[in-house]
Amino acid sequence: MAGANWVYTFGDGKAQGDAGMKNLLGGKGANLAEMSNLGLPVPPGFTITTEVCTAYYDNGKTFPPGLEAQAEAALAEMGRLTGKVFGDPENPLLVSVRSGARASMPGMMDTVLNLGLNDVTVEAVARASGDPRFAWDSYRRFITMYSSVVLDVDHGLFEEALEDHKERKGLHLDTDLSADDWKALVGKYKAIVRKALGSEFPQEPAAQLWGAVGAVFSSWMNARAIKYRELNAIPAAWGTAVNVQAMVFGNMGETSATGVAFTRNPSTGENALYGEFLINAQGEDVVAGIRTPQDITEAARKLAGSDKPSMERAMPEAYAELCRIYGILEKHYRDMQDMEFTIQEGKLWMLQTRSGKRTARAALRIAVELAREGLITQEEAVSRIEAGSLDQLLHPTIDPKAERRILTTGLPASPGAAAGEIVFNSDEAELAKKAGRKVILVRVETSPEDIHGMHAAEGILTTRGGMTSHAAVVARGMGKPCVSGAGQIRVDYARGTMTVAGATLKAGDLITIDGAAGQVLQGEVRMQQPELSGEFGTLMGWADAVRRLKVRANADTPEDARVARDFGAEGIGLCRTEHMFFDEARIQPMREMILAHDDAGRRAALAKLLPMQRQDFVGLFSIMHGLPVTIRLLDPPLHEFLPQGEAEVAAVARALGVTPDALKHRAAELHEFNPMLGFRGCRLAIAYPEIAEMQARAIFEAAVIAAKETGTPVIPEVMVPLVMGLAEFDLVKARIDAMAAAVTAESGVALSYQVGTMIELPRACLRAEEIARTAEFFSFGTNDLTQTALGISRDDAGSFLGSYTAKGILEADPFITIDQEGVGELVAIAVERGRRSRPDIKLGICGEHGGDPASVGFCHAVGLDYVSCSPFRVPIARLAAAQAALGDVTAREG
């Protein structure tokens with residue numbers, strides 16, 4: 001790649017790049033270039049491209065030829081614009097080195113500030129600024145960051161030295177330390193490096209620069225970045241860019257500051273400037289949560305009850321400039337922006353802008369309001385909401401009537417509520433999750449190393465940090481409740497306890513956090529289901545107007561059906577009738593049926609089940625009020641209904657009037673080595689047609705009753721499971737049709753109904769043309785179709801699927817997102833062949849994939865008529881279906 005352009009410069013109102021070059025310059029670099037082109041105050045700098053990251057890893061972690069010369073030329077240009085020279089002992093240019101991938105990864109990779117300082121240049125900075133304290137403070141920060149990030153010296157060693165020094169001098173805050181204090185600490189810090197490495201802290205600025213650039217590239221492959229990419233589906237091949245930028249200093253006294261601001265509230269979506277800043281500080285002080293930040297606006301300060309001045313009051317000119325710039329940026333990018341800024345001696349500098357991470361609730365409000373303001377279209381608003389993120393809105397919140405035993409109150413960092421056992425480290429959180437226990441991760445402050453624990457926990461509680469701390473930003477992105485800055489809590493990691501308000505709680509004790517109120521509550525507090533209205537209803541209305549796919553719900557009970565209707569389901573795509581038989585009142589006649597020795601005995605037991613089953617269906621048909629309802633005939637193997645342990649066998653035997661041995665003998669007869677491929681599905685209806693007859697009678701009698709009660713016609717869809725070909729299907733269909741004729745004769749009501757099948761075997765996909773001659777609909781049972789097509793047991797796949805996705809053998813877990821190449825092709829074959837013999841055949845999907853956004857996109861593309869999913873995922877499917885339709889439009893227009 002001789003002659004390649006590895007470096008792109010920006011600054012002084014112009015740039016070689018722009019916002020459209022994120023793949024090459026990373027998000028940060030592209031947006032710095034864009035802000036420069038807009039004429040905003042951006043310190044000059046340059047971006048080393050993502051292609052260098054790729055070359056760096058391809059060539060044994062070495063830099064490509066030509067890079068150094070291009071970087072030196074860019075540094076010279078930065079020097080010209082700033083009037084300083086990189087490495088000059090008298091007039092040094094200091095720089096920051098930051099990562100910047102094309103997808104935002106907050107806190108996942110490494111940053112170095114104040115680079116270029118050494119024992120000589122620190123004196124020059126002190127002279128030029130007239131402020132030795134500032135110079136030595138900057139130098140100690142540089143040694144700390146560079147040693148931790150580049151030299152791999154434990155960060156805690158520097159923190160310990162600082163705390164020891166403050167304790168000895170009787171000082172509390174970093175800002176209390178004098179120039180002499182920082183100078184003394186620099187000596188101690190250099191001694192720490194010498195002891196750890198056996199060599200001196202590097203003094204040559206050029207060597208410092210290339211060490212930092214290499215460290216940023218190396219951090220692309222650190223454990224926390226890999227985990228973040230895994231959780232957010234970011235490919236490793238994208239690489240990161242590196243941004244080298246002239247330093248501006250927020251730690252030059254009371255007229256200097258640093259901060260983070262959002263153009264709208266990232267938790268609620270409210271159209272108001274939101275953020276935090278610190279006077280006399282550098283950027284890491286805000287996000288690290290080491291000092292509690294101040295509010296940017298006066299309104300936010302009053303709301304928080306803070307006695308520290310807002311930026312609006314303390315720095316009115318810089319505040320006015322920030323407001324001017326945020327208006328420009330939001331209109332330009334047509335989205336809520338997350339901005340980082342520094343004020344150096346009264347002048348505001350912009351260090352970053354990007355589309356801000358936000359909660360699902362905020363995303364909805366922002367999208368709807370931007371559309372109403374005319375900045376984006378309704379279709380763009382629909383496309384902007386990540387369908388899967390709606391899950392955040394569909395979880396319980398604390399019941400307003402519940403008693404709240406408040407332990408303490410912190411900051412409401414991420415909305416929602418969660419209860420669980422206390423754990424104090426991320427590894428414990430992950431182990432608890434695997435063991436099926438719900439936990440709250442309690443930390444003094446989180447760091448990027450905690451990403452796996454935060455993912456595993458129900459919610460996060462920290463004692464330090466503000467609304468833009470690591471914990472807050474990551475929790476909002478994950479949709480996890482978070483309370484941060486709960487400073488009254490004392491955490492003792494060694495003892496495994498937290499103490500607050502005179503109470504000591506230990507690991508394993510139950511607490512509840514309310515991320516919307518910032519409260520920490522004792523015990524497990526009662527929750528309530530969410531209510532969806534306002535912007536949610538508006539956006540879903542826009543989505544429904546553009547989608548083609550219908551969305552149904554998998555619902556087995558009237559309660560499921562009610563929830564599904566509330567979430568906008570357009571019918572029931574799968575009612576699993578076996579779930580109705582596990583009820584305590586029904587399991588006994590079910591067992592009587594299984595133990596019966598002949599047809600008459602089975603029919604007698606089934607007669608007891610008929611009225612119960614009929615009543616279930618009346619409830620479902622009435623709630624769905626004329627919408628389609630697909631009822632699957634009995635599917636699981638019969639042994640699942642029999643008792644397991646000795647005590648249960650004895651009790652059931654007594655109740656049924658048989659001996660325990662007779663029960664065990666029948667269980668042994670029904671035992672299967674591989675029940676998933678055994679005596680189940682339509683095989684039960686073929687061996688014991690009386691089961692299918694009872695269920696069909698219950699369905700049709702319920703349809704007659706519900707139609708009379710609601711005044712709305714009911715057209716049930718009866719689904720035969722696990723067929724492999726036409727002969728099986730026709731045998732069962734004949735029994736269903738006979739029952740329909742009988743109920744019509746008895747009731748005098750002509751029935752409208754459809755009989756179809758669940759396609760869950762590869763052979764059924766291949767024989768779809770033949771099956772469709774008599775089947776009126778297909779519903780793809782993609783859970784079992786995935787098992788039978790891939791030869792993978794869903795229950796046993798956990799031990800190896802992770803390594804398959806990590807190694808790229810499978811793109812995603814095929815039980816979460818449909819395997820389009822294999823299972824998807826079988827579905828496509830069945831769709832094409834089924835329509836060949838029945839052009840109007842109704843086609844749907846009822847596996848768990850029906851609520852997965854990527855799988856919904858596939859269902860749209862392959863031409864299905866509907867998807868069916870669990871009730872709480874119905875809104876996700878509605879939005880994903882709309883986005884798939886809009887994707888079609890975009891592709892056609894493109």
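**Salt bridges in a predicted model**

This predicted model holds 59 salt bridges.

Reader: Why is the contact between Arg133 and Asp137 called a salt bridge?
Author: The closest N and O atoms of Arg133 and Asp137 are 3.9 Å apart. The cut-off is within 4 Å, so the pair counts. Both residues lie in helix α5 (residues 132–149), four residues apart, about one turn of the helix. Arg133 is buried, and so is Asp137.

Reader: What makes Asp181 and Lys169 a salt bridge?
Author: Their side chains meet at 2.5 Å, N to O. That is within 4 Å, so the term applies. Asp181 sits in helix α7 (residues 179–197) and Lys169 in helix α6 (residues 155–169), so the pair ties together parts twelve residues apart in sequence.

Reader: Why is Asp181 called buried?
Author: Asp181 has 5% relative accessibility. Buried means under 20%, so Asp181 qualifies.

Reader: Why does Lys169 count as partly exposed?
Author: Its relative accessible area is 45%. Buried needs under 20% and exposed needs over 50%, so Lys169 falls in between.

Reader: How do you know that Asp599 and Arg603 form a salt bridge?
Author: Their closest N and O atoms are 3.0 Å apart. The limit is 4 Å, so they pass. They are four residues apart in helix α23 (residues 599–624), about one helical turn.

Reader: What makes Asp599 and Arg603 partly exposed?
Author: Asp599 has 34% relative accessibility, and Arg603 has 37%.

Reader: Which residues do shared partners join into one network?
Author: Glu578, Arg632, Asp635, Arg680, Glu760 and Asp784.

Methods. Residues are numbered from 1 along each chain as its sequence is written. This is a predicted model: local features need pLDDT of at least 70, side-chain atom pairs count only at pLDDT 80 or more; totals for chains, interfaces and linings use all residues. Side-chain values use heavy atoms; hydrogens and water are left out. Helices (H or I, at least four residues) and strands (E, at least two) are DSSP runs, numbered from the N terminus. Buried means under 20% relative accessible area, exposed over 50%, partly exposed in between (1.4 Å probe, protein chains only).
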